[in-house]
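The following note sets out numbered points on a structure, for a colleague who works with computed models. Please read each point against the sequence and the coordinates.

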Amino acid sequence: GAVVSQHPSWVICKSGTSVKIECRSLDFQATTMFWYRQFPKQSLMLMATSNEGSKATYEQGVEKDKFLINHASLTLSTLTVTSAHPEDSSFYICSARAGASYNEQFFGPGTRLTVL
Amino acid sequence: EDQVTQSPEALRLQEGESSSLNCSYTVSGLRGLFWYRQDPGKGPEFLFTLYSAGEEKEKERLKATLTKKESFLHITAPKPEDSATYLCAVQAMNYGQNFVFGPGTRLSVLP
């Protein structure tokens, strides 16, 4: 149980284009989903938290107009990197929490974004 | 300031050589401490949740313990497949449902 998938697993795009990353909870309903960014040999940095049907809450320093998050259903959240630039190249990981009674976060496999 | 640190930064063990990884935290109102394993290029894999001092959890060769200031992940007779980065994360009153992650310990187990 508690499986989270991400798609795509990797993507290469040209500077200025937008990229959408999907995060799905496969065997449970995720009331809350989280998006993280991870640089090589560094730990996870929380970008934003999203609750189903609500606007995402962004961490300080994360541009909400650049990183659009939509949590339209209890099993799907999307992260869109708009007008991507080389500095946006990173490993993006989502996680999901099953509900208020559960504190654990279950992580997806991550998406490697490379912006040329 | 709330902080989560892990030591050592990197650890190399021979197969069968037991050791412990440390996660120290200074947060107000600990709600939970979580251990994850992360393989290169993959998302973290959940291992344990600890809620109160004195609590212990075990899974195969791993055992996690918690005190009021730190947590230890003990690895008994490790195998090469235990090589990974081990992350601890803390959930505290100040952060609601969010986690604060430590920097991780990179473990290498040599055959």
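Predicted model: local features only at pLDDT ≥ 70, side-chain atom pairs only at ≥ 80, totals over all residues.

**Note on sheets, disulfides and pockets**

1. In chain A, an open sheet is built from 4 strands in the order β1-β3-β8-β7, with antiparallel pairing. Its edge strands, β1 (4-7) and β7 (67-73) of chain A, each pair on one side only. From one strand to the next the twist averages 15°. Strands are DSSP runs (E, at least two residues) numbered from the N terminus, as are helices (H or I, at least four), and two strands pair if DSSP finds at least two bridges between them. The angles are taken between N-to-C directions, from 0 to 180 degrees, with axes as lines fitted to C-alpha atoms, for helices over the stretch in contact.

2. Residues are numbered from 1 along each chain as its sequence is written, chains are lettered from A and ligands numbered from 1 in the order in which they are written, and side-chain values use heavy atoms, with hydrogens and water left out.

3. Within the chain A sheet, β1(A) and β3(A) are joined by 4 bridges in the antiparallel sense. In this pairing, A:H7 has A:E22 of β3(A) opposite.

4. Chain B also contains an open sheet, here of 5 strands in the order β1-β3-β8-β7-β6, and the pairing is antiparallel. β1 (3-7) and β6 (56-59) of chain B are the edge strands; each has a single partner strand, so one side of each is left without a neighbour in the sheet. Direction ignored, neighbouring strands of this sheet are turned by 15° against each other on average. The antiparallel pair β1(B) and β3(B) has 5 bridges, and B:V4 has B:Y25 in β3(B) as its bridge partner.

5. How many disulfides are found over all chains? A search of the whole structure gives 2, a disulfide being a pair of cysteine sulfur atoms within 2.5 Å. A:C23 is joined to A:C94, S to S 2.0 Å. This link is right-handed, with 80° about the S-S bond. It connects distant parts of the chain, 71 residues apart: A:C23 lies in strand β3 (residues 19-25) of chain A and A:C94 in strand β9 (residues 90-97) of chain A. Both A:C23 and A:C94 are buried, where buried means under 20% relative accessible area, exposed over 50% and partly exposed in between (1.4 Å probe, protein chains only).

6. In chain B, the sulfur atoms of B:C23 and B:C88 lie 2.0 Å apart in a disulfide. The torsion about its S-S bond is about 70°, so the disulfide of B:C23 and B:C88 is right-handed. Distant parts of the chain are again linked: B:C23 in strand β3 (residues 19-26) of chain B and B:C88 in strand β9 of chain B are 65 residues apart. B:C23 is buried, with a relative accessible area of 0%, and B:C88 counts as buried at 0% relative accessibility.

7. A:C13 takes part in no disulfide, and the nearest cysteine sulfur, that of A:C94, is 18 Å away. A:C13 counts as buried because its relative accessibility is 9%.

8. The largest pocket holds about 490 Å³ of space. On a 1 Å grid over the protein atoms alone, a pocket is an open set of points with protein on both sides within 12 Å along at least five of seven lines, whereas a cavity is a set where a 1.4 Å probe fits but cannot get out; lining residues have an atom within 4 Å of a point. Of the 22 lining residues, A:Q38, A:K41, A:Q42, B:T85 and B:R106 lie nearest the centre of this pocket. β9 (84-92) and β11 (105-110) of chain B are the elements that give two or more residues to this lining, and β9(B) gives the most, with 3 residues. The lining has 8 nonpolar, 9 polar and 5 charged residues.

9. The second largest pocket has about 200 Å³ of space. Its lining includes A:Y36, A:L44, A:E59, B:Y95 and B:F99. β5 (44-51) of chain A and β10 (100-101) of chain B each supply at least two lining residues; β5(A) gives the most, with 3 residues. By class, this lining has 8 nonpolar, 1 polar and 1 charged residues.

Terms used
Points joined across faces, edges and corners; volume = space filled by probe spheres on them. Nonpolar A, V, L, I, M, F, W, Y, C, P; charged D, E, K, R; others polar.
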